[in-house]
Amino acid sequence: MTTNRTFTMLKPDSIEKGNIGAILEKISASGFKIVALKLTRLSKAEAESFYAVHNERPFFGELVEFMTRGAIVAAVLEKENAVEDFRTLIGATNPADAAEGTIRKMFADSMGENAVHGSDSDENAKLEAEFHFSGREMF
Ligand code: ATP
Ligand code: MG
């Protein structure tokens, strides 16, 4: 995967609220090309591993519970400066602090249930994309 790609998950709250279409529309309208896409679900072990950096934090149990309670949408997105620009598009981790027009401002309810994930580096984007998609599922 080249470095003009990032990885995103629409989290279970987005799927439960029927926001898949609206969020994908916002992503596309912001100049990101969808090059891989699927509805899937994280196992407990996968969610624990994905957020392992937080495993000592008090919210870790709730985070894993939330991320495994239903379906997610996994996607790989392509755009110049993809990782940084997508982090800007999703907004601050806490939607209360997120800028107007960002995905978390528009679609998230709380710090815990914040609608979307965006990779924080090119290296993690590649690892996360390759975890969810085989070569023939990425275009
Ligand atoms: P993500 O990795 O999901 O894109 P992020 O990079 O904005 O989110 P991280 O610091 O990586 O934020 O935290 C991962 C997730 O853990 C957050 O999206 C949030 O749901 C949860 N989280 C982080 N900090 C807190 C906190 N202080 N209280 C409750 N939940 C938190
Ligand atoms: Mg993060």
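These legends describe close-up views of a predicted model.

**View 1. The largest nonpolar core has 18 residues.** Phe7, Met9, Met67, Val76 and Phe133 touch the most other members of this core. Four elements, β1 (5–10), β2 (33–40), α4 (60–67) and β3 (72–78), each supply at least two of its residues. The most come from α4, which gives five residues.

**View 2. Phenylalanine 7 and its contacts.** Neighbours within four places in sequence are left aside here. Phe7 is in contact with Ala74, Ala75 and Val76, among others. Its contacts also include His117, Gly118 and Ser119. Further partners include Ala125, Glu128, Ala129, His132 and Phe133. Phe50 is another residue in contact with Phe7. Phe7 is also one of the residues that touch the most other members of the largest nonpolar core.

**View 3. Helix α4, with its buried and exposed sides.** Phe60, Leu63, Val64, Phe66 and Met67 are the buried residues of α4. These residues sit on the same side of the helix, because they cover an arc of only 160° around its axis. The face turned away from the buried side carries Glu62 and Glu65, which are exposed. The cover over the buried residues includes β1, α1 (12–16), α3 (44–50) and β3.

**View 4. Helix α7 (122–132) and what its buried residues pack against.** Ala125, Glu128, Ala129 and His132 are buried in α7. They line one face of the helix, because they fall within an arc of 100° seen down its axis. The packing partners of these buried residues are β1, β2, α3, β3, α5 and β4. On the other side of α7, Glu123, Leu127 and Phe131 are exposed.

**View 5. Helix α2 (residues 20–29) and the glycine just after it.** Ile23, Leu24 and Ile27 are the buried residues of α2. Their arc is 95° seen down the helix axis, so they line one face of α2. Glu25 and Ala29 are exposed on the other side. Just after α2, Gly31 takes a positive phi of about 95°.

**View 6. The largest pocket holds about 860 Å³ of space.** It is lined by 31 residues. Lys11, Tyr51, His54, Leu63 and His117 are the closest to the pocket centre. At least two lining residues come from each of α3, α4, β4 and α7. The largest share, five residues, comes from α7. By class, the lining has 11 nonpolar, nine polar and 11 charged residues. Leu63, one of the residues closest to the centre, is also one of the buried residues of α4. His117, likewise among those closest to the centre, is in contact with Phe7.

**View 7. Two residues other than glycine with positive phi: Asn81 and Ala115.** Asn81 lies in the loop between β3 and α5 (82–90). Its phi is positive, at about 60°. Asn81 counts as partly exposed because its relative accessibility is 40%, between the cut-offs of 20% and 50%. Ala115 lies in the loop between α6 (103–107) and β4 (116–118). The phi of Ala115 is positive, at about 75°. Ala115 is buried, with a relative accessible area of 0%.

**View 8. Threonine 102 in the loop between α5 and α6.** Is Thr102 buried or exposed? Thr102 counts as buried because its relative accessibility is 7%, and the cut-off for buried is under 20%. Beyond residues up to four places away in sequence, Thr102 touches Thr88, Leu89, Ile90 and Gly91.

**View 9. Glycine 135 in the segment after α7.** Gly135 counts as exposed because its relative accessibility is 61%, and the cut-off for exposed is over 50%. Along the chain, Gly135 and Glu113 are 22 residues apart. Their C-alpha atoms are separated by 30 Å.

Definitions and conventions: Residues numbered from 1 in each chain as written. Chains lettered and ligands numbered in written order. Predicted model: local features only at pLDDT ≥ 70, side-chain atom pairs only at ≥ 80, totals over all residues. Heavy atoms only, no water. Buried < 20%, exposed > 50% of the residue type's maximum accessible area, 1.4 Å probe, protein only. Core = buried A, V, L, I, M, F, W, Y, C linked by side-chain atoms within 4.5 Å. Contact = heavy atoms within 4.5 Å. Arc of directions from axis to C-beta. 1 Å grid on protein atoms, 1.4 Å probe; cavity = no way out; pocket = protein on both sides within 12 Å on 5 of 7 lines; lining within 4 Å. Points joined across faces, edges and corners; volume = space filled by probe spheres on them. Nonpolar A, V, L, I, M, F, W, Y, C, P; charged D, E, K, R; others polar.
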